[in-house]
Amino acid sequence: MKRHPVVLVAVSIVSTLAAVHISGCGATRSARSLAAEKVYVAPGELDKYYAFLSGGQSGSVFVVGIPSGRLIREVPIFESRAAYGYAMHETDPRRQELVATGGAWGDTHHPVLSETGGVPNGKYLWINDLANGRLGRVRLDYFEADKIVKIPNLQGAHGIAVVSPDTKYIVVNGEFEQPTDGMVSNPAPYTSVVAFVEPETMAVKFEVRVNGNIDIADTSKDGRYAFSTIYNLEQGKTMGAMIQYDRDAVAAIDIPLAEQAVAAGRGDTRNGVPILDPEKTPGVLTLIPVPKNPHGINVTPDGRYAIASGKLSPTVTIIDAHTLAIVAEPEVGLGPLHTTFDNRGNAFTSLFLDSQVVKWNIDKAVRGTSDYIVDRLNVHYNIGHLQAVGGDHTHPYGDYLLALNKLSKDQYIGVGPDLPENQEIIDISGDKMRLLASFPTPPEPHDATFMAVDLLRPLVKQTFTPAADAVEAGKERVVRAGPHAVTVDMTLIRSAYTPDSFEVREGDQVTLRVTNVETIRDMIHGFALPDHDLNIALAPGYTKTITFDAGKPGVYWYYCTNFCSALHLEMRGRMVVQPKDSTVTIADWHAAENVKGQVVPGVPSTGDRP
Ligand code: RUQ
Ligand code: CUA
Ligand code: CA
């Protein structure tokens with residue numbers, strides 16, 4: 001396929017216009033109600049699946065119910081989020097990890113789930129931050145990010161995959177090539193690495209050097225190979241230079257061989273990570289030639305084939321996942337990007353330029369019979385990823401497919417020059433695909449993965465188990481820990497802070513250790529402190545410790561940011577910051593307030609002057 005990019009753009013515009021026309025015809029009334037029935041989840045009823053959508057430049061993961069498309073949760077990972085008290089303060093450990101590893105924002109692309117026996121086990125979700133070369137992990141029992149690591153020796157952490165079937169590693173592909181030895185003065189061609197990350201510690205165990213802009217990742221279902229697409233075998237530095245060759249490659253890394261080579265000390269250690277050079281460790285890396293600038297790579301649920309999507313070629317390349325031989329290269333349409341699967345031997349490939357999902361039969365395509373294309377469905381518009389429920393694991397469900405479209409154009413009411421992206425839910429249970437419903441999303445949806453509600457919901461915790469440093473009810477206190485340091489141990493429960501006032505002095509560092517002692521699910525309380533850039537929300541059982549500067553003299557009302565009870569508005573307290581030279585104590589305040597018939601705080605301050 002030797003199409004010029006300009007031709008591709010023209011084709012894109014034409015095909016997009018065609019798509020508008022077809023959708024404009026409208027569906028019949030009964031087709032509409034049938035579709036509606038498939039996605040309608042009545043109030044009070046639950047969805048069938050959790051969908052985890054990459055939040056793109058929001059640095060988060062969106063949790064959406066399928067089939068309803070309802071947004072149920074955002075899980076912030078590479079960004080702070082006041083509503084969940086996530087990474088909001090500089091003394092928060094997550095915030096510190098973010099700052100230490102590259103910043104409090106990210107560009108997430110590929111959510112992947114931990115597996116046992118090739119199916120999700122509900123323990124972890126990982127997602128990459130392309131921009132800052134990081135990998136983040138979410139604990140699924142709490143739906144909370146619990147670890148973020150910077151991957152050394154690579155830039156542009158793009159494709160990631162869990163090594164099937166039991167999550168031995170998470171593979172992270174470095175897309176942006178770098179001077180091989182890290183020396184900018186080295187004129188040799190740039191290279192990059194595929195990193196293998198241990199799932200529990202998230203330590204990078206080893207890396208394998210691969211040339212050519214390593215893009216999307218998947219693994220064979222038996223733990224043997226990590227596959228990656230490579231679109232710049234030319235090792236070019238400009239777009240023009242990257243599209244010179246007719247074929248680029250799929251890289252297959254033999255994981256057990258790589259492990260042996262690392263164990264035998266054959267890696268060159270850089271930044272604490274052994275890097276294997278494939279030239280010195282033959283057999284570790286196999287390059288399988290595939291047409292020009294491929295994009296997605298997806299292994300079939302039965303583990304037989306790895307399918308590379310052509311992007312600049314209208315084909316997909318079917319590779320035997322055991323022998324690494326190319327077995328077929330069927331044409332599917334223009335701009336194939338990613339492929340997913342049902343439970344009846346069919347593949348679904350996204351066609352970016354055609355704005356279509358194409359359904360094709362894998363066996364027929366391998367045998368070379370002409371009727372391998374089963375169906376085509378227009379989507380709106382310019383689809384990137386697509387994912388069928390379970391299609392990325394060994395047991396696809398074969399019912400719903402999510403199309404993650406880059407452009408919504410005319411699909412939603414106008415909201416300024418920038419429009420939302422568009423997700424479409426497609427019924428894949430029959431021979432013909434059926435478009436059921438759509439929902440918009442902020443930029444930018446990349447990939448999605450799913451877990452059955454029946455499997456994950458029982459694993460989700462109702463409250464946080466109190467940590468060792470939790471403040472117990474009745475043990476709240478305010479202690480002057482030094483000439484310029486005050487420690488406040490605080491509890492929150494409907495609808496009060498204990499203590500509900502405390503006194504510090506200008507120049508003090510205040511260490512607040514606060515526990516939400518509620519034992520009821522969802523009973524969240526906030527602690528927002530005006531003019532101190534401070535807002536933390538705490539889920540039931542959660543403890544947070546933060547240290548902040550007392551700030552200017554004044555009375556500051558801390559208040560609850562989550563509507564929790566009829567007395568939510570009354571859920572407030574005061575931090576009194578005395579001027580440096582003040583001789584008034586909080587005891588004086590309390591005495592004065594009592595005279596006026598006001599409430600004496602339940603806990604006397606122990607804020608004695610040294
Ligand atoms: S990429 S549109 Cu970041 Cu997943 Cu393919
Ligand atoms: Cu606690 Cu509102
Ligand atoms: Ca190329």
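Start at the largest pocket, whose volume is about 920 Å³. A pocket here is an open set of points on a 1 Å grid over the protein atoms alone, where a 1.4 Å probe fits, with protein on both sides within 12 Å along at least five of seven lines. The volume is the space filled by probe spheres set on the points.

This is a predicted model: local features need pLDDT of at least 70, side-chain atom pairs count only at pLDDT 80 or more, and totals for chains, interfaces and linings use all residues. Residues are numbered from 1 along each chain as its sequence is written.

Now colour the lining by type: 24 residues are nonpolar, four polar and 10 charged.

Next, show the strands (DSSP runs of E, at least two residues). β1 (49-54), β2 (60-66), β3 (71-76), β7 (144-150) and β37 (534-538) each give at least two residues to the lining. β3 supplies the largest share, four residues.

Move to the calcium ion (ligand 3). Its donors (N, O and S atoms within 3.2 Å for Ca) come from Y231, E234, M242, D248 and N293, at 2.3 to 2.7 Å. Along the chain they are spaced Y-x2-E-x7-M-x5-D-x44-N. Y231 sits in the loop between β13 (225-230) and α4 (239-242), and M242 in helix α4 (a DSSP run of H or I, at least four residues), so the pair ties together parts 11 residues apart in sequence.

Finish on burial (under 20% relative accessible area, 1.4 Å probe, protein chains only). Y231 is buried at 10%, and M242 is buried at 19%.

Technical notes
Chains lettered and ligands numbered in written order. Heavy atoms only, no water. Donors = N, O, S within 2.8 Å, 3.2 Å for Na, K, Ca; no water. Buried < 20%, exposed > 50% of the residue type's maximum accessible area, 1.4 Å probe, protein only. 1 Å grid on protein atoms, 1.4 Å probe; cavity = no way out; pocket = protein on both sides within 12 Å on 5 of 7 lines; lining within 4 Å. Nonpolar A, V, L, I, M, F, W, Y, C, P; charged D, E, K, R; others polar.
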